[in-house]
Amino acid sequence: MKMIKIAFIGFGRRGMSIYGSLVGRRGVKIVGIFDPVKTNNPINSGAKFFNLDAKEMIYSTKPDFVIITAPPSNHFGYLLLCERLNIPVICEKPIVTQKKDLEELKRFKIKIYPAYQLDYDQYINKAFELIGKSKILEIDASQRVRVQQTGWKDSKRVSGGGTLIDNASHFINIAISKFGLPKRAFSSLSFIENNIEQSCDVILYYDTFSFKIHSDWISAVGKENRVKILTEDKDIDFY
């Protein structure tokens, strides 16, 4: 069996979670970890740890592919690096905020596999399965997270934005993957701290229904995903 060599760019909570699901699997070897914030390896592993240069990590460890779980504002730069080094990528929500970056991303030749967390949420997906052939009247989704405002999330330059980019983007992806592009969209941001929105609301308008999304970083609970779907003959509520 060929050993697949994997390297991580970004090693916060999300990166360590993915690492935990891969380490020890047959045919998989974690060869390198890069994180620009941490000064040493937060886990005891045989993987080489770097905190100064992602390019040095890739040159040194020669991975078969890279997993990017860095703050969203850095995703495009790391994707561009992997494109230039011809390394395929799994990227947790590969968001760009500039149109010119989007146009360049479309021309990339490497394989980029986007990983939106709600694509794999069994409860959220079950809710949409239950719709069946019923006519949808309205969808109301929310993601509430209690965030300690320390680290990358309290810097707009590093985070790229607040809860709209960090959390609401996952439900926007679900809407597009299930129903295609909306006819029009509306969004509002509120509760601004450090020039970053802590709360946002998005409405995606389709031909016969609207998909409403609320996301915030100011929840009293640890984390909560919820989706309510109203159809002509069903009321589906998953959380």
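**Group meeting: helices, rings and one threonine**

The crossing of helices H5 and H7 is right-handed. A crossing counts as right-handed if the near helix is turned clockwise from the far one by less than a right angle, and left-handed if anticlockwise. The helix names come from DSSP: helices are H or I runs of at least four residues, strands are E runs of at least two, and both are numbered from the N terminus.

Before going on, a word on the source. This is a predicted model, where local features need pLDDT of at least 70, side-chain atom pairs count only at pLDDT 80 or more, and totals for chains, interfaces and linings use all residues. Residues are numbered from 1 along each chain as its sequence is written, and side-chain values use heavy atoms, with hydrogens and water left out.

Back to the helices. Two packed helices are described by the angle between their axes and the distance between the axes. Here, H5 covers residues 122-129 and H7 covers residues 163-179. Their angle is about 35 degrees, and their axes are 13 Å apart. Axes are lines fitted to C-alpha atoms, for helices over the stretch in contact, and angles run from 0 to 180 degrees between N-to-C directions.

Which residues of H5 and H7 make the contact? From H5, Ile124, Asn125 and Phe128. From H7, Phe171, Ile174, Lys178 and Phe179. Contact means heavy atoms within 4.5 Å.

Take Asn125 in H5. Asn125 is buried, at a relative accessible area of 16%. Buried means under 20% relative accessible area, exposed means over 50%, and partly exposed lies in between, with a 1.4 Å probe and protein chains only. Beyond its neighbours within four places in sequence, Asn125 touches Leu118, Asp119, Tyr120 and Lys178. Met3 is 122 residues from Asn125 in sequence, and 32 Å from it in space, C-alpha to C-alpha.

Next, the rings. How many aromatic pairs does the structure hold? It holds 11. Rings of Phe, Tyr and Trp (its six-membered ring) pair if their centres lie within 6.5 Å; planes under 30 degrees apart are stacked, over 60 edge-to-face, and the rest tilted.

Phe76 sits in helix H3, while Phe108 is in the loop between helix H4 (99-106) and strand S6 (112-115), 32 residues apart. Both Phe76 and Phe108 are buried.

Phe128 and Phe211 also stack, at 6.4 Å centre to centre and 20 degrees between the planes. This pair links helix H5 to strand S10 (residues 210-216), across 83 residues of sequence. Why does Phe128 count as buried? Because its relative accessible area is 9%. Phe211 is at 0%, so it counts as buried too. Ring pairs join Phe128, Phe179, Tyr206, Phe209 and Phe211 into a cluster.

Now H3 itself, residues 75-85. Eight of its 11 residues are buried. Among them are His75, Tyr78, Cys82 and Glu83. Just after H3, Asn86 takes a positive phi of about 60 degrees.

Last stop: Thr231, in strand S11 (residues 218-231). Is Thr231 buried or exposed? Buried, because its relative accessibility is 3%. Its side chain makes a polar contact of 3.1 Å with the side chain of Asp233. A polar contact is a pair of N or O atoms within 3.5 Å; within protein, one must be able to donate a hydrogen and the other to accept it, and residues adjacent in sequence count only if both atoms are side-chain atoms. The Thr231 side chain also reaches the backbone nitrogen of Lys234, at 2.8 Å.
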